[in-house]
Amino acid sequence: MGKIPTREEAWELLTRYNQDAFHLQHAETVEGIMRYFARKLGYADEEDFWGVAGLLHDLDFEKYPEEHCVKAQEIMRQEGLDESLIHAVASHGYGMTKADVKPEKEMEKVLFAVDELSGLIWAAALIRPSKSVQDLELKSVKKKFKDKRFAAGCSRDVIEKGAEMLGWSLDDLISETILAMRSCEK
């Protein structure tokens, strides 16, 4: 069994491979979302694991975009990290990367679903006068979701597939992710 890093160790690893402020903010946002869902879905005892998976999910993206989710596995194995964490991180790119690791556990499905969605929600928040998710509503995100040109890099197919994997409606996934982002907005 490999190591599950502390939050501080995970941050040190992340910042070894990522310096871009946007990537670091995205990592912290997804970490916060994952911690929210761990508590919400009855996995409070696994909150740190869920958070670290969220923090490290794009570990390799900045330096190795063409090998995203493949290089991360290599790096994490070199660090002696636990295979459950490596699987979780790699599975968030299912169907989009060469890793082709399918999300199996509920945590992995949440990570898969919220990664793209968090980008869309954040983009929708930034065009508001408040530039915040605190006053962002479902209907605003749904309107932007339907506009394929808005935040075009955020795959609607992946978001829908994530909701389907979880057995949730798209509205429920979006609403809960907004609440999750409110809980960790800095």
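By class, six charged, four nonpolar and four polar residues make up the lining of the second largest pocket. This is a predicted model, so read each stop as computed.

**Stop 1: the second largest pocket.** Its space comes to about 250 Å³. Select Glu28, Thr29, Cys184, Glu185 and Lys186, which lie closest to the pocket's centre among the 14 lining residues. Next, colour α2 and α9 (170-184), the elements that each give two or more residues to this lining. The largest share, seven residues, comes from α2.

**Stop 2: the largest pocket.** Of its 24 lining residues, Phe22, His26, Asp58, Asp115 and Glu116 are the closest to the centre. Sort the lining by class: 11 residues are polar, seven nonpolar and six charged.

**Stop 3: Ser118.** Stay on helix α6, residues 106-126, where Ser118 is found. Is Ser118 buried or exposed? Ser118 counts as buried, because its relative accessibility is 2%, and the cut-off for buried is under 20%. Now show the side chain of Ser118: it reaches the backbone oxygen of Asp115 at 2.8 Å. Asp115 was also selected at the previous stop, as one of the residues closest to the centre of the largest pocket.

Finish with the contacts of Ser118. Which residues does Ser118 touch, leaving aside neighbours within four places in sequence? Select His26, Val30, Ile33 and Met181; Ser118 is in contact with each of them. His26 is another residue from the centre of the largest pocket's lining list.

Notes:
Residues numbered from 1 in each chain as written. Predicted model: local features only at pLDDT ≥ 70, side-chain atom pairs only at ≥ 80, totals over all residues. Heavy atoms only, no water. Helix = DSSP H or I, 4+ residues; strand = E, 2+ residues; numbered from the N terminus. Buried < 20%, exposed > 50% of the residue type's maximum accessible area, 1.4 Å probe, protein only. Polar contact = N/O pair within 3.5 Å; in protein donor to acceptor, adjacent residues only side chain to side chain. Contact = heavy atoms within 4.5 Å. 1 Å grid on protein atoms, 1.4 Å probe; cavity = no way out; pocket = protein on both sides within 12 Å on 5 of 7 lines; lining within 4 Å. Nonpolar A, V, L, I, M, F, W, Y, C, P; charged D, E, K, R; others polar. Points joined across faces, edges and corners; volume = space filled by probe spheres on them.
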